[in-house]
Amino acid sequence: MEQYKKEFIEFMVDCGVLRFGDFVTKSGRKTPFFINTGFYQTGMQLRKLGEYYAKAIKEKFGLDFDVLFGPAYKGIPLSVAASMAISEHYQKEVRYCSNRKEIKDHGDKGILLGSPIKDGDRVIIIEDVTTAGTSINETMPILMAQGDIKVLGLVVSVDRMERGQGMLSALKEIENTYGIKTTAIVTMAEVVEHLYNKPYKGQIVIDDNLKEAIDEYYRQYGVNKS
């Protein structure tokens with residue numbers, strides 16, 4: 001596993017973004033782990049987060065694109081932080097854009113924040129995490145309504161590696177449905193590999209009991225490999 005992936009996993013733990021316990025995902029699944037980018041709360045944390053996203057984007061997509069689109073609400077700071085990191089570390093200017101949940105009828109009218117999206121733009125969507133692929137189904141129509149654009153792909157922080165609406169992984173379903181590429185900074189398998197029964201700052205983050213709960217979750221919601 002690349003060093004930056006290990007650092008990102010520890011970064012999520014330090015920031016309280018990667019949590020273990022009893023949670024319910026947006027898709028209604030009870031899960032022993034949860035990733036919430038809303039817990040990145042300081043300028044330094046967002047700066048580092050943007051750098052991790054920028055590296056993942058460059059590795060998967062390169063830098064030949066125009067707009068980084070972050071769906072409201074969590075995608076808004078992600079698009080800003082990652083576009084700034086791309087500018088700083090790779091000397092490439094990409095525009096950032098997000099959507100409003102409600103269309104304004106005064107002042108800065110419309111559904112979009114940041115850069116407009118115009119014909120010919122190549123767009124990458126940036127999100128925190130995708131569980132069952134529900135949010136992308138809301139995002140794609142918004143983008144397609146902006147003109148003759150091309151969505152190149154989707155980047156998330158963590159690939160939860162579980163089924164979407166059918167038997168394929170959520171990210172694989174998105175690839176097949178929309179004809180785009182997907183990537184993540186890390187996968188949940190890499191998280192478990194790095195933290196299971198290995199001391200981090202004096203404690204074991206994933207012990208045997210938690211590992212069994214994670215394994216049980218994947219027996220229920222994991223991708224069918226048969």
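The buried residues of helix 1 in this predicted model are Y4, K5, F8, I9, F11, M12, V13 and C15, where buried means under 20% relative accessible area, exposed means over 50% and partly exposed lies in between, as judged with a 1.4 Å probe on protein chains only. The model is a prediction in which local features need pLDDT of at least 70 and side-chain atom pairs count only at pLDDT 80 or more, while totals for chains, interfaces and linings use all residues. Residues are numbered from 1 along each chain as its sequence is written, and side-chain values use heavy atoms, with hydrogens and water left out.

Helix 1 covers residues 3–15, and its 13 residues reach 18 Å from the first C-alpha to the last, close to the 18 Å expected at 1.5 Å a residue; the expected span is 1.5 Å times one less than the number of residues. Helices (H or I, at least four residues) and strands (E, at least two) are DSSP runs, numbered from the N terminus. Just after helix 1, G16 takes a positive phi of about 75 degrees.

Two packed helices are described by the angle between their axes and the distance between the axes. The axes of helix 1 and helix 6 (residues 188–195) come within 10 Å and cross at roughly 85 degrees, the axes being lines fitted to C-alpha atoms, for helices over the stretch in contact, with angles that run from 0 to 180 degrees between N-to-C directions. By class, the contact of helix 1 with helix 6 has 5 nonpolar, 1 polar and 4 charged residues; Ala, Val, Leu, Ile, Met, Phe, Trp, Tyr, Cys and Pro count as nonpolar, Asp, Glu, Lys and Arg as charged, and the others, Gly among them, as polar.

The contact of helix 2 with helix 3 comprises 12 nonpolar, 2 polar and 5 charged residues.

Among the strands, 4 of the 5 residues of strand 6 (residues 122–126) are buried, so strand 6 is largely enclosed by the rest of the structure. Strand 6 pairs in the parallel sense with strand 3 (residues 67–70) over 3 bridges, two strands being paired if DSSP finds at least two bridges between them, and V123 of strand 6 is the bridge partner of V67. Strand 6 also pairs in the parallel sense with strand 8 (residues 150–159), over 5 bridges, with I124 opposite G153 and R122 opposite K150.

Strand 8 is itself mostly covered, with 8 of its 10 residues buried. It pairs in the parallel sense with strand 7 (residues 129–130) over 2 bridges, and with strand 9 (residues 181–187) over 6 bridges, where V155 stands opposite T183. In strand 9 is found K181, which counts as partly exposed at 48% relative accessibility. Leaving aside neighbours within four places in sequence, K181 is in contact with K60, F61, L152, G153, L154 and E175.

Conventions: Contact = heavy atoms within 4.5 Å.
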